[in-house]
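Good morning, and thank you for coming. I would like to take you through one model in a few minutes, starting with the chain as a whole and ending with its pocket.

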Amino acid sequence: MRAVIQRVTEASCAVEGRITGAIREGFLVLVGITADDGREDLEWLAQKIANLRVFGDDQGLMNRSLHDIDGHILLISQFTLFAQTKKGNRPSFIRAAKPDQAIPLYEELAACLSSHLGKPVERGVFGADMKISLVNDGPVTIIMDTKDRENH
């Protein structure tokens, strides 16, 4: 799984003009899922996102997590995070998991994040043409890939 985490002061997702998810301060999380991903990946990623300390403390240092600021998450599925661009000008998305595998993992990731935060996670609509609006705070953007984790 690969996630692009953006610290935001607000973010929302609309599908066909209807808002499907909106948050104030917190993270907009774009997540891509591959055929190799499983429960261990989503649990690791959810824990890392929930505890990521990139919000300012009283000294202006990035020391606070979503828990500390009562922050929120807007979770958006984005298979294009696994675009392969080495050959030609048209990206290949062959590494991205097919919907029958990706949708349950996406739903489980949302539930796991919600459990870590103790509140609902706002979402986009899997596979839909989504319009994402955000105010990136900082800007702070972090990329995490479960295949890059250290196992200790």
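Strands here are DSSP runs of E with at least two residues, numbered from the N terminus. By that numbering, Pro139 lies in strand β8. Please keep in mind that this is a predicted model.

Let me begin with the overall layout. The protein chain holds 3 helices and 8 strands. Read from the N terminus, the order of elements is β-β-β-α-β-β-α-β-α-β-β. The C-alpha trace spans about 50 × 45 × 30 Å along its principal axes. How does the radius of gyration of the protein chain compare with that of a compact globule, and why would one expect that value? Because the chain has 152 residues, a compact globule would come out near 15 Å, and the 15 Å found for the protein chain agrees with this.

Two backbone details deserve attention. Gly138 and Pro139 are joined by a cis peptide bond, with omega at about -5°; Pro139, as I said, belongs to β8. The other detail is Glu16, which has a positive phi of about 50° although it is not a glycine. Glu16 sits in the loop between β1, residues 2–15, and β2, residues 18–23.

I turn now to helix packing. Two packed helices are described by the angle between their axes and by the distance between those axes. Helix α1, residues 39–51, packs against helix α3, residues 99–117, at an angle of about 35° and with the axes 9 Å apart. The crossing of α1 and α3 is right-handed. On the α1 side, the residues in contact include Leu42, Leu45, Ala46 and Ile49; on the α3 side, they include Leu105, Leu109, Cys112 and Leu113. Classified by residue type, this contact has 10 nonpolar, 2 polar and 3 charged residues.

Finally, the largest pocket. How much space lies in it? The volume is about 380 Å³. Its lining comprises 24 residues, of which Ser77, Gln78, Phe79, Gly127 and Met130 are the closest to the centre. Which elements each supply at least two residues of this lining? They are β3 (26–32), β6 (72–77), α3 and β8 (130–145). The largest share, 4 residues, comes from β3. By class, the lining has 16 nonpolar, 6 polar and 2 charged residues.

Notes: Residues numbered from 1 in each chain as written. Predicted model: local features only at pLDDT ≥ 70, side-chain atom pairs only at ≥ 80, totals over all residues. Heavy atoms only, no water. Axes fitted to C-alpha atoms, helices over the stretch in contact; angles between N-to-C directions. Left-handed = near helix turned anticlockwise from the far one by under 90°. Contact = heavy atoms within 4.5 Å. Nonpolar A, V, L, I, M, F, W, Y, C, P; charged D, E, K, R; others polar. 1 Å grid on protein atoms, 1.4 Å probe; cavity = no way out; pocket = protein on both sides within 12 Å on 5 of 7 lines; lining within 4 Å. Points joined across faces, edges and corners; volume = space filled by probe spheres on them. Rg over C-alpha atoms; globule rule 2.2 N^0.38 Å.
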